[in-house]
Amino acid sequence: MKNLLIILFSFILGGSLFAQNEQNERIISAMHSVSSHDLLEYVKILCEDRFEGRLTGTDEYMECARWLASFFEDCGLEPAGDNNTWFQYFDIPYTLIHPECGLSIELPVGKKGSVQKHYEYITEYMPGSTSASGTVSAGVVYAGYGITAPELDYDDYKGIDVKGKIILIEREAPVSPSEGPEKFNPWREYSFHQYKLQNAVKHGAAGMIYNYGPIGNPNNAYDENFIYVHVGDSVVKDIFSGTGRTHSETVERIGKTLKPMSFETDKKVTIKMNTTHYPDGKGANIIGIKKGIDPDLSDETIIIGAHLDHLGKCYEIIPGANDNASAVAVMMAVAKALNDYDIKLKRTVMFLSFGAEEQALVGSRTYVENPVRPLDKTVLLNMDGVGVGDRISITAGKDFPLLCKAFEDANDKYIHRLIRTNSFSNLGRPRLDAAIFLSAGVPSLSFSTFGARSYYHIPWDNINTITPEIMEDMAQLMLISLIELANSDKDIM
Ligand SMILES: [Zn+2]
């Protein structure tokens, strides 16, 4: 009898060990099935002209969302959006930027003459992504950070008249998040683009030259009478030339004294914008779920996140190959490998592709306000820009060592990339979907890759700059670590 029990016991144990080994073999096969070729193909499709740069609110964005949803369906995921669809909808106004935009400055020549200097699209200026349409020619007033903060005894508009003028202002605030919460927090609300634009409108400015670098950025407010552009150093330098001041000294002095240094320049610029605003746009997050099989652990949810949207046209199509087609491609490869090799997971895994990350993170805010599964049993593994470079960065990795360790272990065992992690103070303006989840108390890591030249928010962030090998490694790392976390018998939250 005793012998029989031992035989029976070993048979059961052997059977489960066999199942365990078999799953392990399938995991290794799944990892090696991830192909840089497929990943590059996904990025190519996401960057096709038919999706017009995936600006949330447009029909082209929703066409792309449907394409991704059908991929999720092929991977055996279940829809988890509104009314059992793949989509969690939200309202999102948007602006299309058409060609025939321009920026020029009148520069003095000799005693009375002048010459009109036209700036170059992309290298010197970019159209404001939420600018109104029209042409404005006016004198330029330097208005510091464009901030009016009575409680801080600080007003960039004091002592200057900007009515009907074009202002030149800086991004951010005189105090930076790196100076710590005590110093920065009082300034935080004034560092938002929306605030600066609305404050300029309130003071009667006719237009704005935003010293933001010549890149697109639809994370801003819209005012039907307010025209603006984003510029880089060459434009700022021309506006300061002959004023007896330099830009760098002016900014440094504002930072040191916390006193405005606004002044009327003698320059006149012309901004020409050709845009259409759509106040009633509709966007959506795309949500697919793979239910966990463990009766206790399946309540817990691991979200793989990657925003689908990008900048649309500004005025050329900005394809956003690295930002963020690369991460959507990695998400797709992980979903496919799990399905192709029938990998069983104890915890529930959600594939969540956000809309409107580029438009003030409206998609991730919508999810956090209307979570499909309880947030207190959720962790987020977010990816943003994982297609360029040879190293991997894990934002907030030091804040969530339990989550991060799974990635470090998998990297040591299989991938061997250099990984950099940090603590994330989440002080400044939120600029990642993960920041919205962190503010809601959800443990969140955010992955990006770095170590090579990349282009950000300009048309050159296209398929030619993508490194398929880093995407492959990122996908394999995500797959192995995700399986480890989803099947761990230990606490991961
Ligand atoms: Zn992004």
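**Contacts of Ala337 and the overall fold**

Ala337 touches Ala30, Ser33, Val34 and Leu479, leaving aside residues up to four places away in sequence. The model is predicted. Ala337 belongs to helix H8, which spans residues 321-340. His32 lies 305 residues from Ala337 along the chain, yet their C-alpha atoms are separated by 9.1 Å.

Helix H8 also features in the largest nonpolar core. This core has 141 residues. Ala329, Val330, Met331, Val334 and Leu482 touch the most other members. Helix H8 gives the most to the core, with 13 residues. Both domain 1 (32-92 + 281-487) and domain 2 (97-277) give residues to the core, so the core lies between them. The contacts of Met331 can be listed in turn. Met331 touches Ile304, Ala306, Phe351, Ser353 and Met383, again not counting residues up to four places away in sequence.

The two domains come from the domain assignment of the chain. Domain 1 is built from two segments, 32-92 and 281-487. Domain 2 covers 97-277. Their centres, taken over C-alpha atoms, are separated by 34 Å. The contact between them takes 17 residues from domain 1 and 18 residues from domain 2. On the side of domain 1 that touches domain 2, there are 10 nonpolar, 4 polar and 3 charged residues.

The whole chain contains 12 helices and 21 strands. Its radius of gyration is 26 Å, close to the 23 Å that the globule rule gives for 493 residues, so the chain is as compact as a globular protein of that length. Along the principal axes, the C-alpha atoms fill a box of roughly 110 × 45 × 40 Å. Of the 493 residues, 47% count as buried. Contacts across the sequence were also examined. Among those between residues at least 6 apart in sequence, 82% join residues at least 24 apart.

Some backbone details complete the description. The bond from Cys314 to Tyr315 is cis, with omega near -20°.

Positive phi values occur at Asp153 and at Asn426. Neither residue is a glycine. Phi of Asp153 is near 55°. Asp153 is placed in the loop between strand E8 (148-149) and strand E9 (154-155). Asp153 counts as exposed because it has 8 C-beta neighbours inside 10 Å, and the limit for exposed residues is 12 or fewer. Asn426 has a phi of about 55°. Its place is the loop between strand E20 (418-421) and helix H11 (433-439). Asn426 counts as partly exposed because it has 17 C-beta neighbours inside 10 Å, a count in between the limits for exposed and buried residues.

Note on methods
Residues numbered from 1 in each chain as written. Predicted model: local features only at pLDDT ≥ 70, side-chain atom pairs only at ≥ 80, totals over all residues. Helix = DSSP H or I, 4+ residues; strand = E, 2+ residues; numbered from the N terminus. Contact = placed C-beta atoms within 7 Å. Buried ≥ 20, exposed ≤ 12 C-beta atoms within 10 Å, placed from the backbone. Rg over C-alpha atoms; globule rule 2.2 N^0.38 Å. Domains from an automatic or database assignment. Nonpolar A, V, L, I, M, F, W, Y, C, P; charged D, E, K, R; others polar. Core = buried A, V, L, I, M, F, W, Y, C linked by C-beta atoms within 7 Å.
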